[in-house]
Amino acid sequence: MHTRSAAKRRNLQWTSQRENLLGSDEAKLVLPDISGAIRLDDTTFARSLYCDLAAESSIDAFLEKSRSYNTKERRWKLPQPQNYTRLFLDREFYITPVRNVILAILKHFRSGVINGGRRRVVDAHSTELQHCEGDIATSHKSRPSLVITAEGPSFQLPPVDSSGQKAPLKVGWSNIASCIEVAISEDDEELPRVKEQLVRAAIYARQIFIHQPNRRFVRVLTLTGHHLRLFHFDRSGAQYTPPIDIHDDPHTFVRLVLGLSSPNECDIGLDTSIRWSIVNGSKVAGSLTTRRASDGQETVYPLIWMEPFFCRPNICGRSTTCWSVLHKDTGEELLVKSSWRSEDRTSEHIYLEEAVGVAGVVQMVSYEPDRAQTKELRGLGNAAPPGFENRIESRVVVKRCGPSLVKFTSPIQVLCALRDAIAGHRELVKKGTLHRDVSTQNILLGKPGAEPGDRGVLIDFDLATHSRGDEASPLADWAIKFDEGIAALEMAEAEQALVARAATSVLPEPVSKGFRKTLKRSSEEIDTESQPALKRTKCECPAPPE
C-alpha cells in the first residue's frame, strides 16, 4: 500500500517534470509539428463527434440513474475546489475519481467491451512508458495520467525490456487507444497553460503514431476539475478546443469518452485496411488491402514483415510509410507506399503512370490517389480555418528494387546505377516531368542480375512537377540535388567507404581524388555509344538477406 509521503514524493517529482517540460528534448521533437496548431473558436468540433455512439435520450437516462453524476447539482462526483490543496500534493486524490467516472460511463454503454477486456481504463501516472524514435530506443519516458488500453487487430503488448528477463508490460504505446491527462491546478479557474497541455498531448500522440503505424489521427483529452480540452493530431498538425465545462455539458463528455474507447478502430483513428493476427499479445501475421482506382477491385497482400521498413516519426508532414508485401498469385515481393501530400500537389501516381515501361524508373502496379483527407478527419468540410493546410492520403503499389545506392559493392556498380537512373530520368524529362528531389536516398540499385537500363532505379516522385518541353532540362533537375548527393556519399560515415573502396580495389589511387568529377561527368555523358562498358555491365547488387 502506498503511503501518503510516498505519494507526495511521486507528485513533487511529477511537478518538477511538468515545470521542465517545455524545455525538454521530448518537447523539442514535437514543437515543429505543433507550431501551426489551430485553436478552435467554439465547441462545435467536440460536440459533433461520436453522435452515433449514444443518443441524447440514452445519455439522459444514464445521468439520471448514475451514482457518478448528480443531476440536481449538475455535477460529476469529482473533488470539490476546496480540496485543491490536497489535490495539488496528491494526484491520486483526483485521478482515481476521474477513472471511476470514466469506468461508470463505459460499464453502462460498453459493458461487453469492458468485461471482455478489449478496452481497459488504466491509471498510468506511476508507470513510465518507454519512448522510441523510429527504430531507435531512447531514454525518454512519459507517464500519462490515464490511458485506455485496447485489444484488437491493430494492437499488441509492448515488448519485454532490453534484458529480456521481465514479463511483458501490460501497458505501452503499442496498445493504447487514447490518453486522458489530468491537469492539476491550485485554482481550477486558472486553467493550466494551454501550451503546456498541447506539448504534453503532442508527446503522447507522437509515440502513438510511431508505435501504431496505421494511425491516421490521435485524440487526447485533458481534464481539470471543471473543464476538458480535446486535442486532435493528424498529418496537418494539431487543433484543440476551447475549455468545455464537463458538469454543464455532460453529454459531450460522455460521447468523447465513448469515442476515445470505441471498439471500432476507425473511430479512434486507425486505418483498418492494415490488420494483424494477434497471438499471445504479439503480431504474428498481417495483411494490407488496396482498392485499385481504375475499377475498384480489392487486392489483399500478406505482409512480409509485421512493421513497415520505412516510416517517418513526425506527426505533421508527408509521413511516408512503406510496407513490404507479397503478391499471392505470383509470389513477387512488392512495395506499398502511403503518404500524405499537400492538397496543392499532384498525386505521385500521375508521374508514375507516365513512367510505366521507362527503364531506370520505379514501376507502378496500382494506386489509390485519394484515400482520406485531414479536413475530413477534423470535420471541417470546405470551411477550413486560416492557416490550415489540408493533406490527402494516397497509396501506390510498386515493384521492389534493390537496396539504396550507398549499398554498392564495387565502383563500376555505382557508376552503372547512376548512368541508368540518369537515363531513365532523361526519358521522363522528354515527357515533361522533372523529379526535383534527386538524391542518394532516391536512387536504388537494381535487383541482382538486372540488365542494363535497370541497374539503377529512380524512386519517390512526391516533389515532382510537370514542365513545358522548352523548359525541361535533365541537367537542370539533377543539378538541384546531384552535388548534395555526391557530398553525402563522400561525407557520411557509412558512405565514406565508397571513396575508400574505389581507391583500394579495382581503381588506381588517382580515382579517389577524381571521384567527384567522374560521377558528375557520368551525369552529362549518358550517350550509351560513348559508354559501352557501362551499357554492357549487369547489376552486381547482392541478393537481399533472407
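**Close-up 1. Helix H12 and the glycine that follows.** Helix H12 is mostly covered, with 16 of its 20 residues buried. Here, buried means under 20% relative accessible area, exposed means over 50%, and partly exposed lies in between (1.4 Å probe, protein chains only). Helices (H or I, at least four residues) and strands (E, at least two) are DSSP runs, numbered from the N terminus. H12 takes in residues 411-430 and reaches 29 Å from its first C-alpha to its last, close to the 28 Å expected at 1.5 Å a residue. The expected span is 1.5 Å times one less than the number of residues in the helix. Just after H12, glycine 432 takes a positive phi of about 95°. A word on what you are looking at: this is a predicted model, in which local features need pLDDT of at least 70 and side-chain atom pairs count only at pLDDT 80 or more, while totals for chains, interfaces and linings use all residues. Residues are numbered from 1 along each chain as its sequence is written, and side-chain values use heavy atoms, with hydrogens and water left out.

**Close-up 2. Helix H8.** Helix H8 runs over residues 194-211, and its 18 residues should span 26 Å at 1.5 Å a residue. The end C-alpha atoms of H8 are 26 Å apart, which agrees. Because 15 of the 18 residues of H8 are buried, the helix is largely enclosed by the rest of the structure.

Close-up 3. Which residues does lysine 337 pair with? The side chain of lysine 337 meets that of glutamate 348 in a salt bridge (3.1 Å, N to O). A salt bridge is a side-chain nitrogen of Lys or Arg within 4 Å of a carboxyl oxygen of Asp or Glu. Lysine 337 lies in strand E18 and glutamate 348 in helix H10 (residues 348-354), so this pair ties together parts that are 11 residues apart in sequence. Lysine 337 also forms a salt bridge with aspartate 460, the closest N and O atoms being 3.1 Å apart. That pair links distant parts of the chain, 123 residues apart, with aspartate 460 in the loop between strand E23 (456-458) and strand E24 (465-466). Lysine 337 and glutamate 348 are both buried, and aspartate 460 is buried too.

**Close-up 4. Further salt bridges.** A search of the whole structure finds 29 salt bridges. In one of them, aspartate 295 pairs with arginine 292, with 2.6 Å between the closest N and O atoms. Aspartate 295 counts as partly exposed at 45% relative accessibility, and arginine 292 is partly exposed with a relative accessible area of 32%. Elsewhere, a network of salt bridges links Arg216, Asp271, Glu368, Arg371, Glu393 and Arg395.

**Close-up 5. The largest cavity.** The structure holds 7 cavities of 30 Å³ or more. The largest cavity has a volume of about 130 Å³ and is lined by 14 residues, of which Pro213, Thr321, Ser338, Trp340 and Glu393 lie nearest its centre. Strand E17 (321-326), strand E18 (333-342) and strand E20 (391-399) are the elements that give two or more residues to this lining. A cavity is a set of points, on a 1 Å grid over the protein atoms alone, where a 1.4 Å probe fits but cannot get out, and lining residues have an atom within 4 Å of a point. A volume is the space filled by probe spheres set on the points.

**Close-up 6. A nonpolar surface patch around phenylalanine 309.** Ile304, Trp305, Phe309, Phe310 and Leu326 form a nonpolar patch on the surface, with about 410 Å² of accessible area together. Such a patch joins nonpolar side chains (Val, Leu, Ile, Met, Phe, Trp, Tyr) within 5 Å, using residues with over 30% relative accessible area and no salt bridge. Areas come from the Shrake-Rupley method with a 1.4 Å probe. Phenylalanine 309 is found in the loop between strand E15 (298-302) and strand E16 (310-311), and is partly exposed at 33% relative accessible area.

**Close-up 7. Two positive phi angles in loops.** Most residues other than glycine have a negative phi. Serine 319, in the loop between E16 and E17, has a positive phi of about 50° although it is not a glycine. Serine 319 counts as buried, at 5% relative accessibility. Arginine 436, also not a glycine, has a positive phi of about 70°. Arginine 436 lies in the loop between strand E21 (433-434) and strand E22 (443-445) and is partly exposed, with a relative accessible area of 33%.

Conventions. Patches are made of residues with over 30% relative accessible area and no salt bridge: like charges are joined within 9 Å, nonpolar side chains (Val, Leu, Ile, Met, Phe, Trp, Tyr) within 5 Å. On a 1 Å grid over the protein atoms alone, a cavity is a set of points where a 1.4 Å probe fits but cannot get out, and a pocket is an open set with protein on both sides within 12 Å along at least five of seven lines; lining residues have an atom within 4 Å of a point.
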